[in-house]
Amino acid sequence: MRYCLLLLILAPMALATGPMNDRAVKKDLGKFQGSWQAVSVINIDGKPASADEAQHTRLVVKGNTFTLQVKNTTIRGTFSIDPTRVPKTIEVTLEGAKPEDKILGIYRLEGDLRRSCFVLTGKERPKDFPSNGKGYLQFAWKPQPK
């Protein structure tokens with residue numbers, strides 16, 4: 001009986017979070033759209049990429065798809081976000097990869113600056129943006145001028 005009562009109380013609350021979550025996703029997803037220029041890149045070994053490499057790192061986002069261009073290398077894929085989690089989370093699936101090989105990360109929107117931090121497949125999602133970036137791939141992006 002108590003279990004049924006608890007379900008009756010909690011069910012409307014669970015249903016109410018759906019539309020709120022959808023609105024939050026749409027809002028943040030809208031901020032991801034367009035062409036982006038890397039401001040900084042920290043490689044998986046924890047070292048910053050050269051200014052030249054960062055300057056030649058661009059990202060184009062349309063809906064939930066992206067194209068990442070680093071000099072002569074192009075990487076495509078899809079992503080999903082959850083802006084209701086703390087920190088906000090992002091999951092990336094590279095083109096041609098299996099769905100279970102998602103790359104887990106977090107992101108932060110700070111005005112026109114968008115930061116993201118990822119781990120390689122099979123590792124635990126970062127809990128915050130690390131000051132020692134070893135083992136993480138980090139990007140800071142600004143919108144590319146039109």
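Modeller: A salt bridge here is a side-chain nitrogen of Lys or Arg within 4 Å of a carboxyl oxygen of Asp or Glu. The model is a predicted one, and a search of the whole structure gives 6 salt bridges.

One of them joins the side chains of K88 and D28, at 3.0 Å from N to O. This pair links distant parts of the chain: K88 belongs to strand β5 (residues 88–94) and D28 to helix α1 (residues 2–32), 60 residues apart. K88 has a relative accessible area of 26% and is partly exposed. D28 has a relative accessible area of 4%; buried means under 20%, so D28 is buried.

Another salt bridge is formed by the side chains of D52 and K71, with 2.8 Å from N to O. D52 is in helix α2 (residues 51–55), while K71 is in the loop between β3 (65–70) and β4 (73–82); the two are 19 residues apart, and the pair links distant parts of the chain. D52 is partly exposed, at 35% relative accessibility, and K71 is partly exposed as well, at 43%.

R108 also forms a salt bridge, with D128; their closest N and O atoms are 3.3 Å apart. Because R108 lies in strand β6 (residues 103–110) and D128 in the loop between β7 (113–118) and β8 (137–143), the pair ties together parts that are 20 residues apart in sequence. R108 counts as partly exposed at 29% relative accessibility, and D128 counts as partly exposed at 46%. This pair belongs to a network of salt bridges that links R108, E110 and D128.

How values were computed. Residues numbered from 1 in each chain as written. Predicted model: local features only at pLDDT ≥ 70, side-chain atom pairs only at ≥ 80, totals over all residues. Heavy atoms only, no water. Helix = DSSP H or I, 4+ residues; strand = E, 2+ residues; numbered from the N terminus. Buried < 20%, exposed > 50% of the residue type's maximum accessible area, 1.4 Å probe, protein only.
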